[in-house]
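Have the viewer open as you read.

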Amino acid sequence: MTDDPGQPGADSDANSEGRPVRGGSIGVDQWVAQSGDRHDQGAGWRRVLAQADARVGWWPRLALVTIAGLAFAQVSSNVNIQTVAFNSLLYALLAMGLNIAVGWSGLLDLGYIAFFGFGAYGYAIFSSNALGTGGVGGTHLPAIESILIVVAAAGVVGVVVGLIALRLSGDYFAIVTLFLGQAFVLAVNNVDPSTLGGVNGLFGLDPLHSFGVTVITPLDYYYVALGVTVIVAAVLHLLDTSRTGRAWRALNDDPLAAEAMTMSVNKLKVMAFSFAAMVGALAGTLFAAQQDNVFPTNFTANILILIYACLVLGGVGSIAGAILGGLVVTVAENMLSSPTDAAYLFYGLIIIALIAKVRPWRSLGYVVAGVIAFGYATHAIVGAIAPVATAGHPGSPGWIGSVMNGFVIVPKNPQNFGNALYLALIVGLVAIVRLRGIRQLIAVIITIYVAACCWESRLIVNPAITTQIMLGAILIVTMAARPYGLLGKHRVETI
């Protein structure tokens, strides 16, 4: 017997675009089965990119990324850029490890930074004079042996910690793991300073060396980090698509339902915690070898925040998202340390946001023209009324500072003025979200000008504070536009 084309759920059913969709069947939720057909791929170039991405498999994508990484190494001769590239891969590796516990298994691990430090100090102990007498001798194992020992030991420690925290979940699990991260820093600061170096850390570490090959230059370390990142991504993809990976996702969705389906929930939690610890320790060994030293300050909560930022920005649960998040966060952080690059990043993000969000195109033209007119008019009026209010100079160097000199308002002592503008900027962002129509466009014009004045008078002259604010702003904007991250996927739930 054949299905009647007119019957609901028949195989010949088609969606609004004429493509066949899966009919109803036992054990399959039809709405979930057809979610891919309802997925909004956008229009124009966004739709073309989405369709091209759907045609390319996971392994070809990994191959293309590897080729791009190798090509970058061939064209980049700047040592600083090579170091930034290594750090980007390092954070990508850390984000992939954290993704095992947080993204796949749903374990809020706030002690992950301890395993990063465990790997770094483990490599330092086996590759320095730390175990020698009077700073002489010590253990100098080949790098491959040190790394294997440290990673295996991290896995065992992860199992032990996982078993201790087994009966905890949610906020309680997060608090216990947070204590683990803090305890690690206290331990390396105070336990046996003659071996671990205390606050002075350990230095003079051996470079990566095995099989007669020694890694010395930043470019060499970049190649090593690229190879390790690709291998770890491939292994994690195989793990993600295995029965264990599917069980982890079931554990993330509903632990009670997973346990009811005879899954060993406790075993899955410990495995996730242990595997994440091993990847974090692996990243720590590369970090210690490249830095040639380790200090307790390298493993504070600030680094943990950056790792979480990489994962959240890229997309929780996505291997590709973790890699992309590591690249974006690291590059942005390093750009913000330079006033010139920071100015490019700040104004570049404003332009990208306008192009991406303001529609139709004539509205974009109105906004650009309005910002220019409003800025120069405001500067002229304020300068005529109170010349001291425009007596300062913009903080951006080069041609950007020259352009902004007659545009933004910068008083001679801009600190308090900049603080007030920062509060006004927050109010303006809230207004943009709440308003609609012409009032929203007016709020956008005023807010952009306030942001430029705040940047030139206050933010750019405080790189440490500005870095945190800008990274936070990037995360907030990304989460508002794509709550599931840059490469994350919509989560479909059935009730």
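## Ground rules

Contact, or touching, here means heavy atoms within 4.5 Å. This is a predicted model, so local features need pLDDT of at least 70 and side-chain atom pairs count only at pLDDT 80 or more, while totals for chains, interfaces and linings use all residues. Residues are numbered from 1 along each chain as its sequence is written, and side-chain values use heavy atoms, with hydrogens and water left out.

## Ala101

Let's start with Ala101, which sits in helix α5 (helices are DSSP runs of H or I, at least four residues, strands are runs of E, at least two, and both are numbered from the N terminus). Setting aside residues up to four places away in sequence, Ala101 touches Gly106, Leu107, Asp109 and Ala276. Ala101 also lies 9.1 Å from Ala277, C-alpha to C-alpha, although 176 residues separate the two in sequence.

Is Ala101 buried or exposed? With a relative accessible area of 1%, Ala101 is buried (under 20%; exposed is over 50% and partly exposed in between, using a 1.4 Å probe and protein chains only).

## The largest nonpolar core

The core has 122 residues, and Leu93, Met96, Phe116, Leu208, Val367 and Trp455 touch the most other members. A nonpolar core is a set of buried Ala, Val, Leu, Ile, Met, Phe, Trp, Tyr and Cys residues joined through side-chain atoms within 4.5 Å.

Why does this core lie between domain 2 (59-336) and domain 3 (341-461)? Because both domains give residues to it; the bounds come from an automatic or database domain assignment. As for Phe116, its contacts beyond four places in sequence include Leu90, Leu94, Phe287 and Ile303.

## The second largest pocket

This pocket holds about 650 Å³ of space. Of its 24 lining residues, Ile144, Ile147, Leu148, Val228 and Leu282 are the closest to the centre. α10 supplies the largest share of the lining, seven residues, and α7 (143-164), β4 (209-210) and α13 (265-291) are also among the elements that each supply at least two.

## His237

Helix α10 (residues 218-240) is also the place of His237. His237 is buried, at 13% relative accessible area. Neighbours within four places in sequence aside, His237 is in contact with Trp58, Trp59 and Ile319.

Key
On a 1 Å grid over the protein atoms alone, a cavity is a set of points where a 1.4 Å probe fits but cannot get out, and a pocket is an open set with protein on both sides within 12 Å along at least five of seven lines; lining residues have an atom within 4 Å of a point. Grid points are joined across faces, edges and corners, and a volume is the space filled by probe spheres set on the points.
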